[in-house]
Amino acid sequence: MAEVTTNKVENSFGDKHETPKTVFDLGTFVGDLTFEEDGSSDDISLEGLQQELEECKNYDVVANILSQGTTLREYTKGVENNLRQVELDSIQDYIKESDNLVSLHDQIRDCDAILSQMETLLSGFQTEIGSISSDIKVLQEKSMDMGLRLKNRKVAESKLAKFVEDIIIPPRMVDIIVDGEVNDEYMRTLEILSRKLKFVEMDHMVRTSKALKDVQPELEKLRQKAVSKVFDFIVQKLQALRKPKTNIQIIQQSVLLKYKYIVSFLKEHGKDVYSEVRAAYIDTMNKVLSAHFRAYIQALEKLQLDIATSSDLIGVDTRSTSIFSRGREPLKNRSAVYALGDRINILKEIDQPALIPHIAEASSLKYPYEVLFRSLHKLLMDTATSEYLFCDDFFGEESIFYEIFAGPFAVIDEHFNSILPNCYDAIGLMLMIRIIHQHQLIMSRRRIPCLDSFLDKVNISLWPRFKMVFDLHLSSLRNANVKTLWEDDIHPHYVMRRYAEFTASLIHLNVEYGDGQLELNMERLRMAVDDLLTKLARMFPKPKLQIVFLINNYDMTIAVLKEASPEGGKIQLHFEELLKSNTALFVEELLLEHFSDLIKFVKTRASEDQISTSEKPITVAEVEPLVKDFASRWKAAIELMHKDVITSFSNFLCGMEILRAALTQLLLYYTRLSDSIKRVVGGSSLNKDLVSISSIMYEIRKYSRTF
């Protein structure tokens with residue numbers, strides 16, 4: 001096809017790229033085209049022309065026209081001529097390509113025929129595909145229906161298979177239940193039988209099925225046979241517990257617990273037989289444990305060391321005897337009645353194994369009752385813990401424990417009720433109270449509550465007995481016969497030593513507990529012993545001996561109390577105050593015995609107030625005998641005081657402390673005498689007879705070095 005040359009239009013307007021072309025002259029065919037002038041052009045409005053020219057001045061064609069001065073008509077005519085020429089050129093090109101166009105037309109027609117055939121073929125395919133799609137949908141629906149039916153059949157088959165499996169009785173199971181030995185395989189078979197029995201009992205549809213009518217009689221026979229067989233088996237195992245010297249815990253853990261499913265089976269499918277097994281076990285264990293505890297208690301009783309009797313009281317006279325008194329050493333030498341001593345170790349050994357009686361008996365050992373008490377309750381705790389856990393595991397019932405231990409509890413109560421009324425050992429009773437408290441803590445840590453009520457009951461019975469024995473001690477002090485207790489001995493009285501040791505023991509046992517009621521009772525006891533000690537002191541004829549007696553007893557009491565509680569409690573502080581006040585009294589008595597004139601003068605005449613206000617001034621003649629007397633015998637007097645203190649006080653350190661206080665007070669009196677002499681007219685004449693203060697200080701230091 002001929003190329004259309006549109007650039008001729010541009011060339012006609014003076015395009016600088018002018019390329020000569022050979023063109024087809026259309027004018028020879030169509031002639032010149034003429035345009036009539038529009039007569040109405042004069043009516044055209046030129047308003048806005050200037051604005052439009054301004055807007056178009058940037059266009060190259062418009063600018064070229066305006067610059068050449070070409071009129072619009074001429075330009076229009078030129079454009080039309082160019083367009084006509086282009087049209088003629090295009091026609092000429094089509095004429096040249098006419099053969100090709102004819103050939104193209106034929107090809108298009110052939111293609112059209114072929115496409116028509118393909119359309120027909122594809123239409124057939126479409127129809128067939130639609131038919132196939134319909135078939136596929138039908139097949140899909142059939143497949144889904146078949147799948148649903150298959151699923152339903154599988155579900156039905158699985159349920160039916162489970163039903164058959166649950167209801168059918170395999171011959172092997174029958175053989176094991178009827179003829180097999182009770183072992184692990186028998187336990188597994190019992191589980192299978194239990195599932196079948198539960199299946200039959202729990203499913204309503206199964207109970208109404210015809211298959212059950214055939215199977216149920218056989219299942220019932222198997223149940224009865226299994227119940228009978230395992231009952232005989234378990235009773236036989238329980239009989240082994242009755243054999244002497246049998247380790248019950250080993251049989252429970254290694255034998256009975258292996259067959260605990262038997263109990264579960266009987267509980268579910270043989271309740272009457274289960275009740276018999278339960279009753280048989282309770283009866284067996286009740287009797288076995290009761291016998292064990294009874295034998296153990298009897299063996300322990302042979303090991304008991306009697307500590308105190310009803311006459312072993314703080315305020316009882318050791319010299320009083322009766323035809324019923326046991327032959328034994330004097331009570332004041334048997335400090336174990338009141339002193340805690342090594343008995344406190346029982347609380348440190350609280351979780352040690354229980355005593356083995358025949359070993360202790362072979363060694364000829366005897367123990368205070370609290371040791372036997374701890375051992376008995378230790379055995380009870382361990383046995384109860386083991387039995388409680390076994391009952392919970394084997395039977396699944398905690399209540400069985402309390403039925404089993406009704407017997408052992410009764411045996412222990414019977415023993416305790418026979419011992420407690422005859423127990424007058426207050427220290428032992430308090431130790432037992434602390435042992436029970438520690439045992440309660442141990443059971444709490446084990447998380448075993450089965451002994452809570454029993455231990456509480458024991459604790460409740462111990463406190464009133466302790467209070468009664470304590471009140472006996474208190475009454476013995478309040479009602480003591482002073483004349484029979486008094487001994488002409490200024491050293492610590494045995495009653496006071498008993499009190500000190502008894503109180504120290506109770507303080508020691510109360511350190512970690514802070515029992516206010518016990519502290520109140522000890523305060524009552526302290527008041528009673530204070531009153532008794534004062535009465536005993538008054539039995540001495542001389543005030544000095546009374547004071548020495550009190551000081552010795554107070555000092556001994558304080559020393560014993562410090563061993564129990566180094567910090568010092570209210571009772572210790574009370575006795576320290578009494579010791580301090582009586583020490584001051586003794587110092588005055590001791591000094592009056594050797595320097596009475598000197599002390600009398602210092603107290604009555606040496607006061608500055610009395611010197612200044614007295615009508616009769618002190619004279620040399622009045623003080624000269626005092627000065628000379630003191631100078632002549634002061635060292636001898638101090639030596640006598642030293643010997644007096646050494647012989648009067650049991651505690652050497654206490655005596656030396658008192659002597660130092662006396663010498664210090666003597667120095668104070670003599671210093672005041674010396675000061676008064678300086679104010680006496682003519683007193684300087686006595687300077688030669690005055691003992692220097694340094695000499696007295698040296699003597700005091702000499703005696704101070706002894707301690």
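**Exercise 1.** Find which residues lie nearest the centre of the largest pocket, and which helix gives the largest share of its lining.

*Solution.* Start with the lining: it has 21 residues, and T246, H292, Y296, P357 and L379 lie nearest the centre. Here a pocket is an open set of points on a 1 Å grid over the protein atoms alone, where a 1.4 Å probe fits, with protein on both sides within 12 Å along at least five of seven lines; lining residues have an atom within 4 Å of a point. Next, sort by helix (a DSSP run of H or I, at least four residues, numbered from the N terminus): α13 (271-301) is among those supplying at least two residues, and with seven it gives the largest share.

The model is predicted: local features need pLDDT of at least 70, side-chain atom pairs count only at pLDDT 80 or more, and totals for chains, interfaces and linings use all residues. Residues are numbered from 1 along each chain as its sequence is written, and side-chain values use heavy atoms, without hydrogens and water.

**Exercise 2.** Work out how the rings of F470 and F502 are arranged.

*Solution.* First, the count of aromatic pairs comes to 25; rings of Phe, Tyr and Trp (its six-membered ring) pair if their centres lie within 6.5 Å, and planes under 30 degrees apart count as stacked, over 60 as edge-to-face and the rest as tilted. The F470 and F502 centres are 6.0 Å apart with planes at 35 degrees, so this pair is tilted. Finally, locate the partners: F470 sits in α20 (residues 452-478) and F502 in α22 (residues 494-510), 32 residues apart.
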